[in-house]
Amino acid sequence: MQHRIVVLGAGYTGAIAAGRLARRLHREDVTITLVNPEPDFVERVRLHQLAAGQDLRPRPFGEMLAGTDVRLRLARTTAVDVDRRTVTVAAADGTGHEELAYDTLVYALGSGWNDGGVPGTAEHAHELSSRPGALRLRDRLAALEAGRSVVVVGGGLTGLEAATEIAETRPDLDVALAAHGGLGDWLSQKGRAHLRKVVDGLGITVHEHTAIGAVEADGVRTADGRTVPADVTVWTAGFAVHPIARATTLELTDSGRIVVDDTMRSVSHPDVYAVGDAAMAVGPHDKPLRMSCASGVPMAWQAADAIAARLAGVKVPRVPIRYFQQCVSLGRKEGLIQFVTADDRAVDRALTGRTAALYKELICKGAAWTVANPTVGMPTRRRRVARQETAGRARAGATA
């Protein structure tokens, strides 16, 4: 009897988990199905570049998963029943609902933007948490004439990257950043000083300690009644997890994240693993891991290794997840690498300038390379057999 593993979502964490499982479990009694509505991998950490008008390299899953046992199912997840151990999926256009049964589920549906309940955000603001959102913003920015204004709401990593990328690409626009706290107030003194230098050099107006009370068609209104005019508003003030988990009996946090143990296994349903933004896991000093690629990739490794070990009946590896740095691109020419403690607190060391920009680029390329090369580490003979099996399935599907 085959053990059916279903992975929901093919962002960084889902795709990496599926590929690592294929490398660990090349067995006839195991099937791995990766469910995703799009046929290619989206580099979410580069969506601010896409919005600013840059083209990203296509990364089709058909090529990336070649040579593995992973079966890609192009479909959208519409429901999960963790008591019956089934997943309901539909075609990308919402038609043709079907149930997939699983023995082990890896939930990696990630997160989307969070308007925080601020009036007018959904109607008037642009988001950068998805490729469609980035493309809509790209079109809107391209239509702006010189002298028009853009305000980016949110002073976190996404907001900083978006504001600086737009300002560098379109120096003819008036770009502003609205931050709830101080500019880069979580960084070291060196990091804050460099960030301020870059932001000032790009001509970005910074509204610090500014809470937004509403988003309007022509700008944003602050909580204290001031108006910041803008032809385009970009909302980056937080993310919300995919809502499907809330309709299940999984143990969740108040924010809807799945509570997991140190192997990314659900504390309420042992046949479910959750990774990435969808999971609530703790790191050093019992501090929750933040939503980020830096957290999600090692979570995916941990989950895949734990599943493989449990199926093999061997000791489950437990590798503590910790942080080393926060990487921020500040346009294509500048960057900031803030080194941090294991629990993500800034230390008095940072890389800046062109060196930091190159460092961040290597990190982004490395993450995409990990997704695109899941068979690295698989013995040559196994890779050859897996490629033959993948090609055979493709031919069978083409003639069905």
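**Exercise 1. Which helix gives the most to the lining of the largest cavity?**

Solution. The model is predicted: local features need pLDDT of at least 70, side-chain atom pairs count only at pLDDT 80 or more, and totals for chains, interfaces and linings use all residues. Residues are numbered from 1 along each chain as its sequence is written, and side-chain values use heavy atoms, with hydrogens and water left out.

Step 1. A cavity is a set of points on a 1 Å grid over the protein atoms alone where a 1.4 Å probe fits but cannot get out; lining residues have an atom within 4 Å of a point. A search of the whole structure finds 1 cavity of 30 Å³ or more. The largest cavity holds about 40 Å³ of space, a volume being the space filled by probe spheres set on the points, which are joined across faces, edges and corners.

Step 2. The lining consists of Val45, Arg46, His48, Gln49, Ser329, Arg332, Lys360, Glu361 and Cys364.

Step 3. Helices are DSSP runs of H or I with at least four residues, numbered from the N terminus. Helix H2 (47-51) and helix H9 (353-372) each supply at least two lining residues. H9 gives the most, with 3 residues.

**Exercise 2. Sort the lining residues of the largest cavity into nonpolar, polar and charged.**

Solution. Ala, Val, Leu, Ile, Met, Phe, Trp, Tyr, Cys and Pro count as nonpolar; Asp, Glu, Lys and Arg as charged; the others, Gly among them, as polar. The lining then divides into 2 nonpolar, 3 polar and 4 charged residues.

**Exercise 3. How many disulfides does the structure hold?**

Solution. Step 1. A disulfide is a pair of cysteine sulfur atoms within 2.5 Å. The structure holds 0 disulfides.

Step 1. For cysteine 327, the nearest cysteine sulfur is that of cysteine 364, 7.8 Å away.

Step 2. Buried means under 20% relative accessible area, with a 1.4 Å probe and protein chains only. Cysteine 327 has 15% and is buried; cysteine 364, at 5%, also counts as buried.

**Exercise 4. Check the span of helix H6 (residues 157-169).**

Solution. Step 1. The expected span is 1.5 Å times one less than the number of residues.

Step 1. The buried residues of H6 include Gly159, Leu160 and Ile166.

Conventions. 1 Å grid on protein atoms, 1.4 Å probe; cavity = no way out; pocket = protein on both sides within 12 Å on 5 of 7 lines; lining within 4 Å. Buried < 20%, exposed > 50% of the residue type's maximum accessible area, 1.4 Å probe, protein only.
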